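Subject: A structure to look through, with notes

Dear colleague,

Here is the structure that I promised to hand over, and below it you will find notes on what was found in it. Please keep the model open beside the text while you read.

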Amino acid sequence: MTPIHVIFDGPVGWYCGGMSDGGRITVNGSCGWSVGENLMSGSIEVHGNGGSSAGATLRGGRVFVAGTTGARSGISMKGGTLVVGGSVGYMSGFMMQRGTMIVCGDAADGIGDSMYEGTVYVGGSVHSLGADCVEADMTDDDRALLATELDPHGIASTGVDWKKLVAGKKLWNFSKHEYDAWRGAL
Amino acid sequence: MATLTSEIDCSAHTTREINQAIKRAAADGVPEIRLTNPAARHCLAVP
(Lines give C-alpha, C1' and ligand atoms only; values in the text may rest on other atoms or scores of the structure.)
Protein backbone atom coordinates (compact mmCIF):
# COMPACT_ATOMS: atom_id res chain seq x y z
CA MET A 1 0.00 0.00 0.00
CA THR A 2 1.28 3.46 -0.89
CA PRO A 3 1.87 5.54 2.25
CA ILE A 4 -0.62 8.34 2.62
CA HIS A 5 0.31 11.92 1.79
CA VAL A 6 -1.24 14.37 4.25
CA ILE A 7 -1.28 17.99 3.07
CA PHE A 8 -2.08 20.95 5.31
CA ASP A 9 -2.95 24.13 3.45
CA GLY A 10 -2.07 26.63 6.14
CA PRO A 11 -0.09 26.84 9.37
CA VAL A 12 -0.11 24.12 12.01
CA GLY A 13 0.60 24.35 15.72
CA TRP A 14 2.64 22.25 18.14
CA TYR A 15 3.71 18.66 17.57
CA CYS A 16 2.47 18.29 14.00
CA GLY A 17 3.15 14.74 12.82
CA GLY A 18 4.53 13.76 16.20
CA MET A 19 5.12 10.03 16.72
CA SER A 20 4.14 9.27 13.12
CA ASP A 21 5.37 6.04 11.57
CA GLY A 22 5.36 6.18 7.79
CA GLY A 23 3.50 8.40 5.39
CA ARG A 24 4.32 11.83 4.17
CA ILE A 25 3.17 15.17 5.57
CA THR A 26 3.39 18.49 3.76
CA VAL A 27 2.64 21.75 5.54
CA ASN A 28 2.04 24.68 3.22
CA GLY A 29 2.68 27.20 5.96
CA SER A 30 4.65 27.48 9.17
CA CYS A 31 4.54 25.20 12.19
CA GLY A 32 4.79 25.51 15.96
CA TRP A 33 7.01 23.72 18.45
CA SER A 34 8.36 20.24 17.99
CA VAL A 35 7.26 19.40 14.48
CA GLY A 36 7.84 15.68 13.92
CA GLU A 37 8.62 15.05 17.57
CA ASN A 38 9.66 11.41 17.95
CA LEU A 39 8.99 10.67 14.26
CA MET A 40 9.61 6.96 13.66
CA SER A 41 9.63 6.91 9.84
CA GLY A 42 8.21 8.80 6.88
CA SER A 43 8.75 12.44 6.05
CA ILE A 44 7.49 15.88 7.00
CA GLU A 45 8.04 18.97 4.86
CA VAL A 46 7.27 22.42 6.19
CA HIS A 47 7.20 25.18 3.61
CA GLY A 48 7.55 27.96 6.14
CA ASN A 49 9.30 28.48 9.46
CA GLY A 50 9.38 26.14 12.43
CA GLY A 51 9.23 26.76 16.16
CA SER A 52 11.57 25.53 18.86
CA SER A 53 12.57 21.89 19.17
CA ALA A 54 11.89 21.01 15.54
CA GLY A 55 12.56 17.31 15.05
CA ALA A 56 12.98 16.71 18.78
CA THR A 57 13.86 13.11 19.67
CA LEU A 58 13.64 12.15 16.00
CA ARG A 59 14.08 8.40 15.70
CA GLY A 60 13.84 7.90 11.95
CA GLY A 61 12.46 9.43 8.81
CA ARG A 62 13.05 12.94 7.68
CA VAL A 63 11.94 16.41 8.71
CA PHE A 64 12.53 19.34 6.36
CA VAL A 65 11.80 22.92 7.34
CA ALA A 66 12.36 25.39 4.51
CA GLY A 67 12.69 28.41 6.78
CA THR A 68 14.22 29.02 10.16
CA THR A 69 13.66 27.05 13.37
CA GLY A 70 13.99 28.01 17.00
CA ALA A 71 16.02 26.91 19.98
CA ARG A 72 16.97 23.30 20.61
CA SER A 73 16.11 22.08 17.13
CA GLY A 74 16.98 18.41 16.84
CA ILE A 75 17.27 18.03 20.61
CA SER A 76 18.04 14.46 21.64
CA MET A 77 17.81 13.09 18.10
CA LYS A 78 18.09 9.30 18.04
CA GLY A 79 18.13 8.83 14.28
CA GLY A 80 16.66 10.20 11.09
CA THR A 81 17.47 13.42 9.32
CA LEU A 82 16.55 17.00 10.13
CA VAL A 83 17.11 19.55 7.37
CA VAL A 84 16.64 23.26 8.06
CA GLY A 85 16.82 25.57 5.07
CA GLY A 86 17.44 28.62 7.25
CA SER A 87 19.07 29.10 10.62
CA VAL A 88 18.58 27.36 13.97
CA GLY A 89 18.34 28.76 17.49
CA TYR A 90 20.57 28.20 20.51
CA MET A 91 21.45 24.76 21.81
CA SER A 92 20.30 22.99 18.67
CA GLY A 93 21.45 19.39 18.44
CA PHE A 94 21.59 19.28 22.25
CA MET A 95 22.26 15.74 23.48
CA MET A 96 22.03 14.31 19.96
CA GLN A 97 22.55 10.56 20.06
CA ARG A 98 22.31 9.57 16.41
CA GLY A 99 21.14 10.89 13.06
CA THR A 100 21.95 13.82 10.84
CA MET A 101 21.10 17.48 11.16
CA ILE A 102 21.72 19.84 8.25
CA VAL A 103 21.52 23.58 8.84
CA CYS A 104 21.83 25.63 5.68
CA GLY A 105 21.94 28.94 7.52
CA ASP A 106 23.56 29.98 10.80
CA ALA A 107 23.69 28.12 14.10
CA ALA A 108 23.19 30.13 17.28
CA ASP A 109 25.18 29.56 20.50
CA GLY A 110 25.80 26.09 21.85
CA ILE A 111 25.25 23.99 18.73
CA GLY A 112 25.72 20.27 19.40
CA ASP A 113 26.04 20.70 23.15
CA SER A 114 26.71 17.38 24.89
CA MET A 115 26.06 15.36 21.74
CA TYR A 116 26.99 11.68 22.02
CA GLU A 117 26.89 10.70 18.35
CA GLY A 118 25.42 11.87 15.07
CA THR A 119 26.53 14.60 12.73
CA VAL A 120 25.58 18.23 12.36
CA TYR A 121 26.36 20.16 9.18
CA VAL A 122 26.20 23.94 9.21
CA GLY A 123 26.47 25.95 6.00
CA GLY A 124 26.49 29.39 7.60
CA SER A 125 28.26 30.73 10.66
CA VAL A 126 28.53 28.94 13.98
CA HIS A 127 28.15 31.39 16.84
CA SER A 128 29.68 29.00 19.35
CA LEU A 129 30.07 25.27 19.81
CA GLY A 130 28.38 23.54 22.72
CA ALA A 131 30.18 21.45 25.32
CA ASP A 132 32.21 18.64 23.76
CA CYS A 133 31.14 19.49 20.19
CA VAL A 134 34.07 19.65 17.79
CA GLU A 135 34.56 20.35 14.11
CA ALA A 136 35.64 17.47 11.89
CA ASP A 137 36.99 17.37 8.35
CA MET A 138 34.50 17.23 5.52
CA THR A 139 34.86 14.19 3.27
CA ASP A 140 33.59 13.40 -0.21
CA ASP A 141 30.93 11.21 1.39
CA ASP A 142 29.74 14.19 3.43
CA ARG A 143 29.45 16.34 0.32
CA ALA A 144 27.60 13.57 -1.51
CA LEU A 145 25.18 13.26 1.40
CA LEU A 146 24.51 17.00 1.42
CA ALA A 147 23.86 16.99 -2.33
CA THR A 148 21.46 14.08 -1.95
CA GLU A 149 19.56 15.78 0.86
CA LEU A 150 19.46 19.32 -0.53
CA ASP A 151 19.19 18.96 -4.30
CA PRO A 152 15.53 17.84 -4.21
CA HIS A 153 14.69 21.11 -2.46
CA GLY A 154 16.59 23.27 -4.92
CA ILE A 155 19.13 24.22 -2.24
CA ALA A 156 22.71 24.45 -3.48
CA SER A 157 25.13 22.27 -1.54
CA THR A 158 28.21 23.34 -3.47
CA GLY A 159 30.06 26.60 -3.03
CA VAL A 160 29.14 26.55 0.65
CA ASP A 161 31.65 26.51 3.49
CA TRP A 162 30.13 23.54 5.30
CA LYS A 163 31.17 22.85 8.86
CA LYS A 164 30.88 19.26 10.05
CA LEU A 165 30.29 18.98 13.78
CA VAL A 166 30.60 15.79 15.79
CA ALA A 167 31.02 14.68 19.39
CA GLY A 168 34.43 15.19 20.93
CA LYS A 169 33.63 12.06 23.00
CA LYS A 170 35.13 13.50 26.15
CA LEU A 171 31.79 13.21 27.91
CA TRP A 172 31.25 9.56 27.09
CA ASN A 173 32.86 8.46 30.32
CA PHE A 174 33.53 10.43 33.45
CA SER A 175 37.17 11.07 34.10
CA LYS A 176 38.33 13.07 37.06
CA HIS A 177 41.23 14.18 34.85
CA GLU A 178 38.72 16.04 32.65
CA TYR A 179 36.75 17.56 35.48
CA ASP A 180 36.64 20.95 33.76
CA ALA A 181 34.96 19.47 30.68
CA TRP A 182 32.22 17.95 32.84
CA ARG A 183 31.81 21.05 34.91
CA GLY A 184 31.39 23.06 31.70
CA ALA A 185 28.76 20.65 30.40
CA LEU A 186 26.80 20.55 33.63
CA MET B 1 -12.29 1.46 -3.85
CA ALA B 2 -10.60 4.39 -2.14
CA THR B 3 -10.90 7.78 -3.78
CA LEU B 4 -7.66 9.37 -4.98
CA THR B 5 -7.94 12.45 -2.83
CA SER B 6 -9.90 13.25 0.26
CA GLU B 7 -10.42 16.77 1.57
CA ILE B 8 -11.34 17.97 5.04
CA ASP B 9 -12.13 21.47 6.20
CA CYS B 10 -10.52 21.55 9.64
CA SER B 11 -12.68 24.43 10.81
CA ALA B 12 -15.67 22.10 10.92
CA HIS B 13 -14.04 19.41 13.05
CA THR B 14 -12.27 18.85 16.35
CA THR B 15 -8.60 17.87 16.36
CA ARG B 16 -9.55 14.36 17.45
CA GLU B 17 -11.96 14.02 14.54
CA ILE B 18 -9.31 15.25 12.09
CA ASN B 19 -6.69 12.81 13.34
CA GLN B 20 -9.17 9.95 13.28
CA ALA B 21 -10.09 10.85 9.70
CA ILE B 22 -6.41 10.79 8.69
CA LYS B 23 -5.95 7.38 10.30
CA ARG B 24 -9.06 6.06 8.61
CA ALA B 25 -7.93 7.39 5.21
CA ALA B 26 -4.51 5.76 5.64
CA ALA B 27 -6.13 2.44 6.57
CA ASP B 28 -8.49 2.67 3.56
CA GLY B 29 -5.60 3.22 1.16
CA VAL B 30 -6.43 6.81 0.27
CA PRO B 31 -3.19 8.07 -1.28
CA GLU B 32 -3.69 11.73 -0.46
CA ILE B 33 -5.68 13.75 2.03
CA ARG B 34 -5.81 17.54 1.92
CA LEU B 35 -6.71 19.54 5.00
CA THR B 36 -7.74 23.15 4.70
CA ASN B 37 -7.97 25.81 7.42
CA PRO B 38 -5.73 24.08 9.99
CA ALA B 39 -5.51 27.47 11.76
CA ALA B 40 -2.29 26.61 13.63
CA ARG B 41 -4.10 23.98 15.64
CA HIS B 42 -1.89 21.81 17.84
CA CYS B 43 -1.23 18.09 17.54
CA LEU B 44 -2.45 17.59 13.99
CA ALA B 45 -1.54 14.33 12.22
CA VAL B 46 -0.57 12.76 15.53
CA PRO B 47 -1.57 9.09 15.62
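Which residue in E5(A) is the bridge partner of A:Val65? In E5(A), that partner is A:Val84.

Before going further, please bear in mind that this is a predicted model, in which local features need pLDDT of at least 70 and side-chain atom pairs count only at pLDDT 80 or more, while totals for chains, interfaces and linings use all residues. Residues are numbered from 1 along each chain as its sequence is written, chains are lettered from A and ligands numbered from 1 in the order in which they are written, and side-chain values use heavy atoms, with hydrogens and water left out.

The strands around E5(A)

Helices (H or I, at least four residues) and strands (E, at least two) are DSSP runs, numbered from the N terminus, and two strands pair if DSSP finds at least two bridges between them. Strand E5 of chain A covers residues 78–84, and six of its seven residues are buried, where buried means under 20% relative accessible area, exposed over 50%, and partly exposed in between (1.4 Å probe, protein chains only). Strand E4 of chain A (residues 62–65) pairs with E5(A) in the parallel sense over four bridges. E5(A) is also joined by five bridges to strand E6 of chain A (residues 98–103), again running parallel, and there A:Leu82 stands opposite A:Met101.

Where the chains meet

The contact, which means heavy atoms within 4.5 Å, takes 21 residues from chain A and 23 residues from chain B. The area buried between the two chains is about 1700 Å², and carbon and sulfur atoms give 64% of that area; buried area is the accessible area (1.4 Å probe) that two parts lose on being put together, summed over both. In chain A, the residues that lose the most area to chain B are A:Ile4, A:Ile7 and A:Asp9, together 32% of what that side buries. E1(A) and strand E2 of chain B (residues 32–36) run parallel and are joined by five bridges, with A:Ile7 opposite B:Arg34.

Salt bridges

A salt bridge is a side-chain nitrogen of Lys or Arg within 4 Å of a carboxyl oxygen of Asp or Glu, and a search of the whole structure finds four of them over all chains. Across the interface of chain A and chain B the rule finds one, in which the side chains of A:Asp9 and B:Arg34 meet at 2.7 Å, N to O. B:Arg34 counts as partly exposed because its relative accessibility is 26%, and A:Asp9 is likewise partly exposed, at 27%.

Within chain A, the side chains of A:Glu149 and A:Arg62 meet in a salt bridge at 2.6 Å, N to O. This pair links distant parts of the chain, since A:Glu149 lies in helix H1 (residues 140–150) and A:Arg62 in strand E4, 87 residues apart, and both residues are buried. A:Asp161 forms a salt bridge with A:Lys163, their closest N and O atoms being 3.8 Å apart; here A:Asp161 counts as exposed, at 54% relative accessibility, whereas A:Lys163 is buried, at 13%.

With best wishes
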